[in-house]
Amino acid sequence: MSARTSRPVATFVSYRAATPNGDGGNHRTYQILRDLQAEFGCDGVVHVALEEWATRRESWRDTTPSAIGRLQSLPRRLRQRVERMTENPYNLLTRHGWSRHSEFGTRGVLPRQFCDRYVDRVLRRGATISLVDHPLFDQIRDLNLRAAVPTIIASHNLESLDVARVPFASRVATQRSGVDFANELWSLSRFEGRLAISRIEAAVLNGVGLSCQFYPYLPTGDVRAQLLRSANERRRSEQDPNLFLLMGTSFHAPTRRSMQWFVAHAAKGGLPRKARVVLVGSHVEELAVAGCRVPGLEVRGRVSNAELGELLVRAGTALVPQRLGFGALTRIPELACAGVPSLVFPHASYALDPPPGAQVLGDDSWASLVGGMCRAMGSPVTIEAEAYSEWEARQERPLGQTLRRIMDG
């Protein structure tokens, strides 16, 4: 199927768009793409993002529009639907199991048009190795296997264990999540190599016998340049030690629940005297209606890059009260790169090597967070440029080594 080329070519199929704008998921994808381009050259990497493809109207047009073509493709479409419905039999007990869409899955999930175009416009043009970043791309791995192209996966999360998908309302509901996790492990076991953004995920996979390397998030390219500009501006200006920045997107369930926890406790117990907290991020205003009545708490929602840059320069400290979830918070390294010290709950620190300025609190209680805020207002912390550069230089960069090992093997 694949026309081999003398020059190595890597394909990268991602769930999110690779852009320096957007949220942490976009930034992680952007990092992976730039790391691949550093290894193969810009012309040696072919990138396809499901997020971008799905927003184009023409993407959903049937590649076999004739009646005869649709009839011929019927067995394939039925087989895909059956695979999606039966991968986890517990789902058949819910309305999601009978839906055309799936909350989680590795089989029969990707649109047929997307797979067809990947084969026709990417794979058949020649590929040496392939990288994906989500277990739903197990179908891409299977297509690559037929073309004798090895595939590795660099996951953002243990997707099946997202807190929004792990209910404890009943034993059956929890067992359903367990089957999803087993399916994810089965999918991961079939890749040629595995990389994880979090030390926790890497440890879990290694613990069950699936070799996995820690591939930490680092700001890169335009993301890094913008953050460094904020850091330089902080050194030339004066910060407000009483101003705290709390940012995140409500689309991510662990972040949404952590923000809800913060707002609820701020509404109940109040913020420390003189403290002001600015809450920013996509749709956070929908979660913090009660928080608008808390003295010192300002909910802005999604802000422009210019407004966020101003906050990064003015804020004395950032708050990272993440209490649950897998993956790794890209904002912890990004805050350090921007020169903004942060108060971090222990859970968030387990996923990575905490950068300079990330002050890990003793526990994830409200009292611990309030105590940290009081200390930050009384004794502001400064992040030296050299300290961040040294931390950045220490971070593991396993992508190139993993790709070369597989290609040479």
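Arg146 is exposed, with a relative accessible area of 58%. That value belongs to a predicted model, as do all the others here. Arg146 forms a salt bridge with Asp142, and the closest N and O atoms are 2.8 Å apart. Asp142 is partly exposed, at 24% relative accessible area. Both residues sit in helix 5, which spans residues 138-146. Four residues separate Arg146 from Asp142, about one turn of the helix. Side chains of opposite charge can pair when their charged atoms come close.

The side chains of Arg236 and Glu233 meet in a salt bridge, with 2.7 Å from N to O. Arg236 and Glu233 are three residues apart in helix 8, so about one helical turn lies between them. Arg236 counts as exposed because its relative accessibility is 61%, over the 50% cut-off. Glu233 has 32% relative accessibility and counts as partly exposed.

Helix 8 also takes part in a link to another helix. The side chains of Glu392 and Arg224 meet in a salt bridge, at 2.9 Å from N to O. Glu392 lies in helix 14 (residues 385-394) and Arg224 in helix 8, so the pair ties together parts that are 168 residues apart in sequence. Arg224 is partly exposed, with 29%.

Stay with helix 8 for one more residue. The helix runs over residues 221-236 and contains Ser230. Ser230 is buried, with a relative accessible area of 4%. Leaving out residues up to four places away in sequence, Ser230 touches Gly309, Leu312, Val313 and Ala338.

Back to the charges. The structure holds 14 salt bridges. Some join into a network, which links Arg16, Asp23 and Glu51.

Now turn to strand 1, residues 10-14. Five of its five residues are buried, so strand 1 is largely enclosed by the rest of the structure. In a regular strand the side chains alternate between the two faces of the sheet. In strand 1, Ala10, Phe12 and Ser14 point one way. Thr11 and Val13 point the other way, and these residues are all buried too. Which strand pairs with strand 1? Strand 2 (residues 45-49) does, in the parallel sense and over five bridges. One of the partners can be named: Ala10 has Val45 of strand 2 as its bridge partner.

Six strands form it, in the order 9-8-7-10-11-12, with parallel pairing. Strand 9 (297-301) and strand 12 (358-360) are the edge strands, and each pairs on one side only. Neighbouring strands of this sheet are turned by 25° against each other on average, direction ignored. Strand 7 (residues 240-247) and strand 10 (residues 315-320) run parallel and are joined by three bridges. Among the residues involved, Leu245 has Ala318 in strand 10 as its bridge partner.

A helix packs on this sheet. Helix 13, residues 366-378, touches strand 7, strand 8 (276-280), strand 10 and strand 11 (342-344). The direction of helix 13 makes about 140° with that of strand 7.

What about the cysteines? The count of disulfides comes to zero. A disulfide is a covalent bond between the sulfur atoms of two cysteines. Cys212 counts as buried, at 10% relative accessibility. Cys337 also counts as buried, at 2%.

Step back to the whole chain. The protein has 15 helices and twelve strands. Of its 409 residues, 52% count as buried. The protein exposes about 19200 Å², and carbon and sulfur atoms supply 51% of that area. Among contacts with a separation of 6 or more, residues 24 or more positions apart account for 68%.

Note on methods:
Residues numbered from 1 in each chain as written. Predicted model: local features only at pLDDT ≥ 70, side-chain atom pairs only at ≥ 80, totals over all residues. Heavy atoms only, no water. Pairing = 2+ DSSP bridges. Helix = DSSP H or I, 4+ residues; strand = E, 2+ residues; numbered from the N terminus. Axes fitted to C-alpha atoms, helices over the stretch in contact; angles between N-to-C directions. Contact = heavy atoms within 4.5 Å. Buried < 20%, exposed > 50% of the residue type's maximum accessible area, 1.4 Å probe, protein only. Areas by Shrake-Rupley, 256 points an atom, 1.4 Å probe, with all protein chains shown as cover. Disulfide = S-S within 2.5 Å. Salt bridge = Lys/Arg side-chain N within 4 Å of Asp/Glu carboxyl O.
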